Amino acid sequence: MGVRLSVVDEMFLWTHRGLGLPIVMQGVWRTDSIVDPSELEQLCVRVASGQLGRRVRRPRIPGARPEFIADPRHYPLSFRSEPIAANSVIEWADAAALLSVDPERGPGWRIAATYDSDGGTVVSVTCSHVLADARGLIGALSDAMQRKPSPPIACAGHSDITDARSTVGRVLRGTTRAVGGLIVSPARRAELRGFTAPAAATRRFQRHSVTSAVLEIDRDQWDDVATSSGGTANSLFLACVGELARAENKTAAVTLSVPMNVRTTDQGDHSVDNSVAMVAIPLTPSTTLAQIRTLCRDAFEAPPMSSPAGFPAELLQVVPDRVAHRLADGPGQRDALCSNIGTVDIDQFEGHRTTGLALRAVHPGASAAQLDNTPTRVSGYLSRNHATYTLSLVSFVSADNQALRTLACNTLEKFGIFARPW
């Protein structure tokens, strides 16, 4: 794990500081039986001693990047003893997502739990996106549940002065090369003009709240529909979310923002770091699953979205936050976001069998202006646990949770998929 924050980490840190839409990762885990609160308190302790037990320290020297430092503190378990209705889990999870987390002062994560009327337990694990992405969150939780030892949080390898010299040096060298490229390359000049030009007017959706839905689908059913149409589980996922994004205009073309996992072998599967890059996938109503599969392959093989015209991405780390946010505002924001998290391996905890596990990004504390300003209409998160796919949806345009559930079920049925909503 790197000590200093990456450019992506700092982008999420800006949102924590009020620049852009706030983003918190949330895992919602359900069991078939009652988990004693003391067991969950011990889980909090183990998570705190793992890879999520860290916070951000601001540098003391201008030009140095913020760094992660160890922080083994944790919030006490937030526990509701009165059971909730089994069909109101999402509403409870939405409320649990509002509990504060602070990646700078710490702790940047927390756990809440309650019982449901079916005799099960519902657990919410929230984490600032500064600390981890979805795979990192579920990996840290899995390690804590299985009592796997975690490597210690790395100590600073060099001082703020050394990091400032190194970072500013890279930025100056990269900027010099980029400016030279602008002089000799019309293509780079056009690229920069396209990046800095005012965005074309897009329709904004006057919604002052965020709505949620979680649906479960049998794995065999999902895979059969995908393969019978020449696609994959992932291309079917993108097609479904794309259809949701054009719900108000069935003939519209939409562009999906798709995170790509860029973890390296030495990081391992359970690195918590934000190891994602964004690619854009354009869809029309006539785009087939086979074509989506090809579009994804080509996009994943091409260089991911990055800074324009050869300018170094680290430039965003040496200018003031507000300037950096204005420079980076817009890239990666599309009509919809589709995050395929992959397989999760939490089957049980202390003998309590897992009956459901959903992962998503939520936006606690988002203002009406922030919600109105986002071009994203819906975000989708797909995960798989043994025989079940779980599709988590967060909408910026649906009237309420029930309306989103109904729309999602009806949309999936058009593809021949029948879902079980939470």
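The expected span of a helix is 1.5 Å times one less than its number of residues. Helices (H or I, at least four residues) and strands (E, at least two) are DSSP runs, numbered from the N terminus. The model is predicted: local features need pLDDT of at least 70, side-chain atom pairs count only at pLDDT 80 or more, and totals for chains, interfaces and linings use all residues. Residues are numbered from 1 along each chain as its sequence is written, and side-chain values use heavy atoms, with hydrogens and water left out.

**Figure 1. Overview of the chain, with 12 helices and 15 strands.** Of its 422 residues, 50% count as buried, where buried means under 20% relative accessible area, exposed over 50% and partly exposed in between (1.4 Å probe, protein chains only). The accessible surface is about 18700 Å², and carbon and sulfur atoms contribute 55% of this area; areas come from the Shrake-Rupley method with a 1.4 Å probe, and for residues only the protein chains shown count as cover. Among contacts (heavy atoms within 4.5 Å) with a separation of 6 or more, 79% join residues 24 or more positions apart.

**Figure 2. Helix α8, residues 233-245.** At 1.5 Å a residue, the 13 residues of α8 should span 18 Å, and the 19 Å between its end C-alpha atoms agrees with this. The helix is mostly covered, with 13 of its 13 residues buried.

**Figure 3. Packing of α8 against helix α9 (residues 289-301).** The two axes lie 9 Å apart at an angle of about 105°; axes are lines fitted to C-alpha atoms, for helices over the stretch in contact, and angles run from 0 to 180 degrees between N-to-C directions. This makes α8 roughly perpendicular to α9, on a scale where angles under 35 degrees count as roughly parallel, over 145 as roughly antiparallel, 65 to 115 as roughly perpendicular and the rest as oblique. From α8, the contact involves Asn234, Ser235, Leu236, Leu238 and Ala239, and from α9, Leu289, Ile292, Arg293 and Cys296. By class, these residues are six nonpolar, two polar and one charged. Ala, Val, Leu, Ile, Met, Phe, Trp, Tyr, Cys and Pro count as nonpolar, Asp, Glu, Lys and Arg as charged, and the others, Gly among them, as polar.

**Figure 4. Packing of helix α7 (residues 219-228) against α8.** Here the axes are 8 Å apart and meet at an angle of about 90°, and the two helices are therefore roughly perpendicular to each other. Trp222, Asp223, Val225 and Ala226 of α7 are in contact with Ala233, Leu236, Phe237 and Cys240 of α8. Seven nonpolar residues, no polar residues and one charged residue make up this contact.

**Figure 5. Helix α1 (residues 7-16) and the residue Gly18.** Seven of the 10 residues of α1 are buried, and the helix is mostly covered. The buried residues are Val7, Asp9, Glu10, Phe12, Leu13, Trp14 and Thr15. Just after α1, Gly18 has a positive phi of about 95°.

Figure 6. Most residues other than glycine have a negative phi, and most peptide bonds are trans. The peptide bond from Gly106 to Pro107 is cis, with omega near -15°, and Pro107 lies in the loop between α3 (89-96) and β5 (109-116). Arg147, in the loop between α4 (134-145) and α5 (160-184), is not a glycine but has a positive phi near 55°. His386 likewise has a positive phi, of about 55°, and belongs to the loop between β13 (378-385) and β14 (388-395). His386 is exposed, at a relative accessible area of 53%.
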